[in-house]
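Have a look at the model first, and then we can go through it together.

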Amino acid sequence: MVLGGAVHVGFSCFSSCISSLSNGGLSRKFSSTKLHKPLAMASMSNDPIREWILSEGKATEISRISPVGGGCINLATRYDTDAGSFFVKTNRNIGPSMFDGEALGLNAMYETRTIRVPKPFKVGSLPTGGSYIIMEFIEFGASRSNQSELGRKLAEMHKAGKSNKGFGFDVDNTIGSTPQINTWTSDWVEFYAEHRLGYQLKLARQQYGDSTIYERGQRLAKNIGSLFEGVVIEPCLLHGDLWSGNITSDRNGEPVILDPACYYGHNEAEFGMSWCAGFGGSFYIAYFEVMPKQPGFEKRRDLYLLYHYLNHYNLFGSSYRSSAMSIIDDCLLMLKA
Ligand SMILES: Nc1ncnc2c1ncn2[C@@H]1O[C@H](COP(=O)(O)OP(=O)(O)OP(=O)(O)O)[C@@H](O)[C@H]1O
C-alpha cells in the first residue's frame, strides 16, 4: 500500500522463545524445536517440515507443494496433503525466535476463540540455517470481511484476552522490523510512554540524529497522563499491527487476522494503524457495542497513531516525519505542555 509517498510494509517478527503454549483442542499440538547449536543441527532431519507434516501433522502423503505470494520477509509455501493443507513460512537468515514469537501471538489470539486466526502448529530450525513455522492453512474468500463482523469479533478478542501480569507480553517482538519491547509493566501510561513512544523516539535520534523530534516527543510522553484521567484501562490482547494487509476473510466471509505483533495493552491502541486499515463507520459501531467507548477516546486517537507514524519514520524515512511531528505538536498544544 502506498502511503504518503512511501510503502507500508506490515510484517511481524518477534524475538525470544516460547517455553509453554497450551493447545487449542486440535489434535495437532504446537511445538517448538530449539536447535541452535551446530551439534544439534548435525542430527536434524534434512527436511524437518516434511517430517513434521508426515508425523505429527498426521498426513501420509504430500500431494503438492506450491509457493504463496504476498509476504515480504519470509518465503511462504502451501503444502497440500491427505490430512489437509498446511501453510509454511521459512526464513533462511533468522533463527526460530522470530517465528516462536509469531506463534505465541497467534496462539494467544486463537485461544480467545473469537476472531479467526491460523492455528500455529510447529516452529523449528532449518538444517541449512534459518527457521520455519507451520500453521493452519486458511482458504481466503473473494471479498473482504464484513466490517461490522470484523469490529464485533475484534472487540470480543479484546474482551476475552486478559492478562494478570499487566501491560506487555511474554516475549519482545517486532513491529515491522523494529524491535517492540514488551516488558511487563503495571501502569499503561508508563508502558506506552517508555516502551512505545520513548523507544521509537530514541531510535529516531540514533539513526537520524533527530534531536528535535526526540525532545518534543519526550516532552509529550511525560505529559500524556491527563489524557487518561477517569479512564478504566485493562490489559487487553492486541493484534498490534492491524492494517489492511493483515486483515482478510475466510471462505465463509468470516474475518481473519494474520501476522500479529501481539501484546497486552489499552484496547484503543489497536487503532494505531487505522490510517491504513480502512475501518469504516460500521466497524466502529459494532466494536463499541462490545467494548464501550471510553471518555476522551477522540483525544487519545492521535497519540496511538503516533507510535506507528514514528515507526514508519524509523523504517521508511523522512516522508513520515511530518505526520509524526504534527501529531506531537498538536498534542503538546492541546495539553499546554
Ligand atoms: N495461514 C495462512 N493460510 C493461507 N495463506 C496465508 C496464511 N498466512 C498468510 N497467508 C498468505 O501468505 C502471504 C504471506 O504471509 P505473511 O504476510 O505472513 O508473510 P511475511 O513475509 O511473514 O509477512 P509480511 O507480509 O509482513 O512481510 C500473505 O499475504 C497471505 O496472503
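At what angle do helix 8 and helix 9 pack, and how far apart are their axes?

## A pair of helices

This is a predicted model. In it, helix 8 spans residues 297-316 and helix 9 covers residues 321-335; the two pack at an angle of about 150 degrees, and their axes lie 8 Å apart. Angles over 145 degrees count as roughly antiparallel, and helix 8 and helix 9 are therefore roughly antiparallel to each other. Their crossing is left-handed.

Which residues make this contact? Helix 8 contributes Asp-302, Leu-303, Leu-305, Leu-306, Tyr-309, Leu-310 and Tyr-313. From helix 9 come Arg-321, Ser-323, Ala-324, Ile-327, Ile-328, Asp-330 and Cys-331. Sorted by class, the contact of helix 8 with helix 9 has 10 nonpolar, 3 charged and 1 polar residues.

## Two domains

Stepping back, the chain is divided into domain 1, residues 14-136, and domain 2, residues 147-335. Taken over C-alpha atoms, the centres of domain 1 and domain 2 are separated by 28 Å. The contact takes 15 residues from domain 1 and 21 residues from domain 2. On the side of domain 1 that touches domain 2 there are 8 nonpolar residues, 6 polar ones and 1 charged one.

## The chain as a whole

The chain has 14 strands and 9 helices. It holds 337 residues, and 43% of them count as buried. Among contacts in the chain between residues at least 6 apart in sequence, 71% join residues at least 24 apart.

Conventions:
Residues are numbered from 1 along each chain as its sequence is written. This is a predicted model: local features need pLDDT of at least 70, side-chain atom pairs count only at pLDDT 80 or more; totals for chains, interfaces and linings use all residues. Domain bounds come from an automatic or database domain assignment. Two residues are in contact if their C-beta atoms, placed from the backbone, lie within 7 Å. Ala, Val, Leu, Ile, Met, Phe, Trp, Tyr, Cys and Pro count as nonpolar, Asp, Glu, Lys and Arg as charged, and the others, Gly among them, as polar. Axes are lines fitted to C-alpha atoms, for helices over the stretch in contact, and angles run from 0 to 180 degrees between N-to-C directions. Helices (H or I, at least four residues) and strands (E, at least two) are DSSP runs, numbered from the N terminus. Angles under 35 degrees count as roughly parallel, over 145 as roughly antiparallel, 65 to 115 as roughly perpendicular and the rest as oblique. A crossing is left-handed if the near helix is turned anticlockwise from the far one by less than a right angle, and right-handed if clockwise. A residue is buried if 20 or more other C-beta atoms lie within 10 Å of its own, exposed if 12 or fewer, and partly exposed in between; C-beta atoms are placed from the backbone.
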